[in-house]
Amino acid sequence: MKFNNNFKRQVNHPMSVTQQLINNQSYKLKTTSLTGILVAGVFFADKCRAEYGINFPPPAADVAQEIYNIHMLTMQITTVLLLIVFGFVFYSLYYHRKSRGFQADQDFHNSWFGNWSWVVVPVMVLGVDLTIAGKADAVLKKVWDVPKAENILDVKVTGHQWWWEFDYLDHGIKVESRYVPEKESGDLYLREVDNRLVLPTGQKIRFLHTSADVLHAFWVPELAVKKDAIPGYVTETWAELNREGVFRGQCAELCGTWHSRMPIVVESVSPQQFATWVDDQKAIKVAAAAEASADKTWSMDELMAKGKTLYDTKCAACHQVTGVGLPPAFPALKGSAMATGSIEAHLEIVIKGKEGTAMQPWGSLNDLEIAAIVTYERNAWDNNTGDVVQPSDVKQAR
Amino acid sequence: MSAKEHSGDYFIPDPSPWPIIGMFSLLITLFGGALAMNGVSLGSYLVVAGLLMFFYLLYGWFRDVIKENLSDCYNRQVDTSFRMGMFWFIASEVFFFLSFFGALYYIRNIALPWLGGDGYLGVTNEILYHGFENAWPSHGPGELGGDFLPMGAWGIPAINTLILLTSGATITWAHWGLKLDNQKQLVNGLIATIALGVFFVILQAYEYGHAYQELNLTLETGAYGSTFYMLTGFHGFHVTMGAVMLMAILGRSMKSHFSAHNHFAFEAVAWYWHFVDVVWLGLFVFVYWL
Amino acid sequence: MTTTTLNHDEAHHHDMPTGWRRWLFSTNHKDIGTLYLLFALTMLFLGGASAMLIRLELFQPGIQLLDPDLYNNLVTNHALIMIFGAVMPAAAGLANWMIPMMIGAPDMALPRMNNLSFWILPAAATMLILSFIVPFFPGGGTQINTGWTLYPPLSVQVGMSMDFLIFAIHLLGISSVLASINIIVTLLNMRAPGMTLMTMPMFCWTWLVTAFLLILVVPVLAGGVTMLLFDRHFGTSFFDAAGGGDPVLFQHLFWFFGHPEVYILLLPSIGVLSHVIPAFSRKPLFGYKSMVGAMLTVATIGMVVWAHHQYTIGMSLGAVTYFMIGTILISIPVGLMIFNFIATMWRGAMTFETPMLFAVAIVLMFTFGGLSGVMLAVVPADMQYHDSMFVVAHFHYVLMPGAVFGLFAGVFYWLPKWTGHMYDETLGKIFFWTNVIGFNITFFPQHFLGLAGMPRRIVDYNMMFTEFNVISSIGAIIFGLSHLLLLYIVIKTIRGGKKAESRAWEGAKGLEWELDSPPAFHTWTVAPQIK
Ligand code: HEA
Ligand code: HEA
Ligand code: CUA
Ligand SMILES: [Cu+2]
């Protein structure tokens, strides 16, 4: 079994936070019983956590830290309860055996204890329950209370089958984030994406979750927020990152075939770096828009080249790089009636998608991109229709 | 009936083929149904075959029960078992309807306000549906099914309410007749009830036609169309079943199967009919009126 | 409990049917009980076989055996077959066999309907299995890759196999409702004179509560999948925001059924324990009344906390707080049950035959699973746990010990009664130890996987999760193979072995032990008088 060094490094970083955790821990542990400490020691040993990932990774936000603490607290309480149960059972198993000659105490259930335990036990359990609920409630309020700060950064997170779209609503830029195949991501396979979700530290961020097709869920353990992306509805969460770093998560709601291939990678950077990044993205966007609307007639080769790149990133997850699809779930485009027949119909299904299937509308791509993809599909893999679709055709078809 | 001698007082029926026929009929019907819904033509034939088998089973099963009853196999305890069984069956039906009423409640009072910008997920409106306002009846922000008119409460639905309420009275009247051993009153009461039930179904069918043709209110009309047809449709189905059961009871009454003391079947059907009645009141208030 | 009249071998001269008619047309609670149990055992192996495939795929990172849709198809089938095919029918089988014998009734109250509720099950299983294999036929559409929760809109995308599944669920629902009606009526109407509700055996109580739960929640599931069917084929928009519906509505309907369902799975096993533990501790059940009270409380609270499966869907603060507190409070009645079991063992004179071994294991391991349930109930923490392998670990810890082991205990406890032979105690013990150890190796590491960030229902994972998955898969193989031993023991016991006495266990109490082992075809044809 090979071990992933990259991961180890991230989890250990930065030491100060982890150290703080341990300190927290030992403070609380003093108040619990000795056995609790022993077992807890095994559970919480920092070394184990870093090596094998047996507990949450160190939080990257204050609220996440509180969530982490409540998790540890309930785990400690339940461990102690479990030990109590084990203690009584094993004591009894040992001493109250027939083979030891123990005579059954037929009046046990008629004793004072037998008559009143139905009150005593629930009251004790209620006490523990309320402790847990009380602590949890305080944290819960913070998690739920999306702040209404002035300079909050709104990020709309849209789940797609099977990629993520991040819209920075205040900056008008958008990031499409897809998993990277094993060839390129190596050890980080299924934990790495092509375009990361870049976020600044020290600023409150509001995530607006929604979905374009089926349910997905946004989950980055270091932020400790998980929220479902529901098509047609918008749910909210918030976070404020307190350290820089790269945090990896995954889609956490079954969304069909490639549910396992929807990683989320948050790159937490300083506000200055973030500002630079935003400017870069804006520039790229302007350039792309200019290219698309430059009323130019494109040659077959140009479109084919562009089309291939776009097709391989956006369409190949379902229709496959070779165009053969994965029937019956995803039809082949190679030799399909649609890709070799009427251009209008072909454009229509790409722009509008097909309701009730995984084929989503791709109308948000610009005219050039759609033209390129459709041209590519009509000529690649021996489809050889010879059709060249221009951006102007797309504009008309919309 | 050999059963009586070997089972003490409580009647244990002989081995019976009906359950297993029931199994096959259900299997064939639903297998066919699944195929038919996906455009496999064999499916519809299977559905018909399965249903025929199902009715044969009902006929055979109840024929046995009637025979046993007439040959005095059932003691009081058996009768109680039947009554309790029917009672809890109706209880489960209540929860079946509750799931549809629950859906209506959820959509009207939770989901649509969110879509319209109120409540906890109100931000939905701001991000996805600028300008959509919550109102009922609604076919949602996507305006599914196109423009439509809702179904008014005070036309046919009000008449139907009256019909069902009256039918509740007529079946009670029939029951009184039965208790007094007045067979004529029993039969007349049942005939009146059945007539009212059939009339109800006809009016309901007419109403559906009206909705489809003139109001453009269809199954596709968003949440309103969905809940409207689901609730009224399932209720209509239950009325139809109830009417069929009433007809069976009528046949038996005409053959004087019931006596003032032994008429579980009659009571079971009467309970069922009242249940259907009460559900209708819920429908009238929540689907048509409010 | 003593009886005045005993009717051991009376009246079975001419009426015991023979051949295939005996089984197909049966109106006899014992035969129908046997059918239920055999059906459940078959399904355990089917569901187990898919579990083995799941674990083999997860043995290493990468996609080796199963393509992603097939993987999730197996997950869906595994869960549905185990829950609806194995656990519920097995519990119904125990009920059929034991309830009439325990309450001194000649049979179930509605014997013919009893047969119908059983025979609908094979039909349902056929539909369920069809839903699994239809996609492999040409034109069969896509596979069911939704998990057992069937959430739309994903379940709307699936091809015609989903319709088979929906109808399978309808059939399962009809079967359970009919069976429950029968059990309720039997318990309320058929008790021997002198046996009151508060003196009837605890197993009967657990089934009474279970049956009520079933009648109340199964129809809601049926309604939910019916709406799903309409959304798929008839253009309605219950679960489509564009028409004013909400995908989450389905989740509410599903879990309104789904959460009580877990107590439906749990309670019959609690009932079995309430017989096994006193028998082998040689002293009465501690706290009969508080047990009944606890059960009623579990059922009541259990009906109103369903949304703890949906903390991440975006509920208001008030709603999540309510569901959190409600869910945590369930630990009170369940804790009381566990306490009563421990107090029954306490100061008893225990011996450790296989049923008792399972009982002790349940007390320990179910508590473990229940406690991780309480961790899940804490909303902020569940923001992390939800839909991770931690949840998978939790529910196998409650499902296997809480439901399946309880049924095993029941089978071993009553096997001598049913077959007239004692099972092989040594083999029984070997089975217990391989089973329990295998179980823990399989599911304990999954807690760590979940905490470290591995989502559930994924066919392929990053190599950082390899170690624990390897351990878990190895455990699963041990665990799976141990069930072959169970099969062997059961067959061996049916075919022969030491004769069982009518009171097969020294400390066993109750009417069923007054009857011969095996009991006559018809028992208690004259009701015993309970004093
Ligand atoms: C037999 C089945 C069974 C049982 C009995 C339980 C019992 C409980 N379950 Fe579990 N659960 C499942 C089967 C079961 N569960 C399944 C199948 C799922 C996943 C479904 C899916 O998504 O596919 C699930 C998921 C699940 C979730 C959702 C997780 C998620 O998806 O995010 C939650 C959250 O609250 C939860 C909580 C609980 C609680 C609080 C109990 C309680 O009843 C436990 C009570 C018991 C104890 C607490 C132990 C004994 C008590 C004491 C020793 C007293 C002292 C205790 C305290 C003071 C705390 N369960
Ligand atoms: C009562 C219910 C029950 C039972 C008994 C089990 C039993 C088992 N489950 Fe189950 N499981 C669920 C209910 C249950 N499960 C549910 C509800 C889910 C959630 C589904 C979802 O996400 O939608 C789930 C999901 C689930 C997953 C998670 C899948 C995922 O999320 O990706 C895993 C993975 O390890 C798993 C493993 C196992 C194993 C190893 C067993 C073992 O106990 C099985 C033991 C094995 C046997 C009993 C078979 C023995 C037979 C042989 C060895 C012979 C082999 C025969 C042939 C090959 C013909 N289960
Ligand atoms: Cu997207 Cu899972
Ligand atoms: Cu639950």
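Residues are numbered from 1 along each chain as its sequence is written, while chains are lettered from A and ligands numbered from 1 in the order in which they are written. In this predicted model local features need pLDDT of at least 70, side-chain atom pairs count only at pLDDT 80 or more, and totals for chains, interfaces and linings use all residues; side-chain values use heavy atoms, with hydrogens and water left out.

Q: Which residues are the protein donors of the iron atom of ligand 2?
A: Donors are N, O and S atoms within 2.8 Å of the metal (3.2 Å for Na, K and Ca); water is not among the atoms, so sites may look incomplete. Here the protein donor atoms are both NE2, lying 2.0 Å from the iron. They belong to C:H78 and C:H396.

Q: How many residues apart in sequence are the parts that C:H78 and C:H396 tie together?
A: C:H78 lies in helix α3 (residues 68–103) of chain C, and C:H396 in helix α14 (residues 389–419) of chain C. Helices (H or I, at least four residues) and strands (E, at least two) are DSSP runs, numbered from the N terminus. The pair therefore ties together parts whose separation in sequence is 318 residues.

Q: What is the geometry of the site of the iron atom of ligand 2?
A: Six donors count as octahedral if opposite donors are over 155 degrees apart and all others between 65 and 115. The six donor atoms here make angles of 88 to 180 degrees. The site is octahedral.

Q: Is C:T149 buried or exposed?
A: C:T149 sits in the loop between α4 (111–133) and α5 (154–157) of chain C. Buried means under 20% relative accessible area, exposed over 50%, partly exposed in between (1.4 Å probe, protein chains only). The value for C:T149 is 4%, so this residue is buried.

Q: Which side chain does a polar contact of 3.1 Å join to that of C:T149?
A: A polar contact is a pair of N or O atoms within 3.5 Å; within protein, one must be able to donate a hydrogen and the other to accept it, and residues adjacent in sequence count only if both atoms are side-chain atoms. Leaving aside neighbours within four places in sequence, C:T149 is in contact (heavy atoms within 4.5 Å) with C:F250, C:F254, C:W255 and C:R457. The polar contact is with C:R457.

Q: What area is buried between chain A and chain C?
A: Buried area is the accessible area (1.4 Å probe) that two parts lose on being put together, summed over both. The contact takes 94 residues from chain A and 97 residues from chain C. Carbon and sulfur atoms give 71% of the buried area, which is about 8,200 Å².

Q: Which residue of chain A forms a salt bridge with C:R347?
A: A salt bridge is a side-chain nitrogen of Lys or Arg within 4 Å of a carboxyl oxygen of Asp or Glu. The rule finds two across the interface of chain A and chain C. In the one with C:R347, the closest N and O atoms are 2.9 Å apart, and the partner is A:D105.

Q: Which residues of chain C does A:G356 touch?
A: A:G356 lies in the loop between α11 (343–352) and α12 (367–379) of chain A. It is partly exposed, with a relative accessible area of 42%. Not counting residues up to four places away in sequence, A:G356 touches C:V156 and C:Q157.

Notes:
Four donors count as tetrahedral if all angles lie between 85 and 135 degrees; four count as square planar and six as octahedral if opposite donors are over 155 degrees apart and all others between 65 and 115; anything else is irregular.
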